[in-house]
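Work through the exercises below with the coordinates at hand. Each task is followed by a solution in steps.

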Amino acid sequence: PCSYEHSLLYSTVFMRDFVPSALAFLMKGEPTIVKNFLVETARLQSREKMVDLFKLGQGVMPASFKVHHSHPTKKTETLLADFGEIAIGRVAPVDSGLWWIFLLRAYTKYTRDSSLAESPHCQRAMRLILKLWLSEGFDTSPALLCADGCSMIDRRMGIYGYPLEIQALFFMALRCALSLLKDSNDDFVYQITKRIKALSYHLHSYYWLDFQRLNDIYRYKTEEYSQTALNKFNVIPESIPDWIFDFMPSRGGYFIGNVSPARMDFRWFCLGNFIAILSCLATGEQAEAILDLVEERWEELIGEMPLKICYPAMENQEWQIVTGCDPKNTRWSYHNGGSWPGIYLQ
């Protein structure tokens, strides 16, 4: 028997979790289901989004929705969307809009029919997403700043800041949007082209890690106050975890989990790295290096269970501090080094 919390979750369609199902429907020759999903979620986007007394941006896509039967005897149904106001932790989904653009591109590519993508409601939905994601702020980085729990890892796991999964998704969605926007001469195309170039440079320069790069970081100087600084984020070499020296093979490499001031998250995150390959964020050489790493560290990353979401798992005091003693994310469980079936199709 399911708990009340689980019964609520299992009656809900989550945007990110539907993506692998949508790809399966397309491969089975059933694009209508995917089309209906894209249309309905675009309609949900236009609804007012309030969390307490705060109004969210127009471009936010729902994290999930469920069918509500307003009367038990009448066949009237409405969709109730969650934009973060009822989610565990009350976090708005950063990834939903990015997955929506990717799925629209996948549908258009499969059906060879651009009429849905060029329809007014889909163009509007896409532009609202891009307007929100490309808005100017205080960032000195082209990456998206996020709260913990805003993506597939939807619980507190220390991914706040600039998590790889979101940056790789952002890059992929921007590339998809370039081919989907109806007016190729507008300002969005110019902004997207500039952002793709800047984001690619940023991720290649600061997120990529291989054996040579690890040695360079280990020898970083600190407190460099200049434009020519090598250690631009002032990462203290002593903060490099011990496990990375055994984990990093001489052959292979990967994009690390997060980079922000005085912090590098060296954990391996599988979805972000595989999206980097899928979207061509990773160069051909880097894609080979990522797969070489998986092969070299097969026992750690796969072993006798499906591919792990991240490696290594947190435990003991680190688990207590970072997850807030989350009983679902104990070591090698769920997001904390566990497995998530959706990532294989994604």
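**Exercise 1.** Determine how α4 crosses α7 and which residues make the contact.

Solution. α4 passes α7 in a left-handed crossing (the near helix is turned anticlockwise from the far one by less than a right angle). The model is predicted, with local features needing pLDDT of at least 70 and side-chain atom pairs pLDDT 80 or more, while totals for chains, interfaces and linings use all residues. Residues are numbered from 1 along each chain, and side-chain values use heavy atoms, without hydrogens and water.

Next, the geometry: α4 (residues 96-111) and α7 (residues 164-180) pack at about 45°, their axes 8 Å apart. Axes are lines fitted to C-alpha atoms over the stretch in contact.

Last, the contact (heavy atoms within 4.5 Å) includes W99, F102 and R105 of α4 and F170, M172 and C176 of α7. By class, this contact has 13 nonpolar, two polar and one charged residues (Asp, Glu, Lys and Arg count as charged; Ala, Val, Leu, Ile, Met, Phe, Trp, Tyr, Cys and Pro as nonpolar; the others as polar).

**Exercise 2.** Is Q167 buried or exposed, and which backbone atom does its side chain reach?

Solution. Q167 lies in helix α7. Its relative accessible area is 0%, so Q167 is buried (under 20%; exposed is over 50%). The Q167 side chain reaches the backbone nitrogen of L144 at 2.7 Å. Among the residues that Q167 touches, leaving out those up to four places away in sequence, are Y162, L199 and Y207.

Definitions and conventions
Axes fitted to C-alpha atoms, helices over the stretch in contact; angles between N-to-C directions. Helix = DSSP H or I, 4+ residues; strand = E, 2+ residues; numbered from the N terminus. Buried < 20%, exposed > 50% of the residue type's maximum accessible area, 1.4 Å probe, protein only. Polar contact = N/O pair within 3.5 Å; in protein donor to acceptor, adjacent residues only side chain to side chain.
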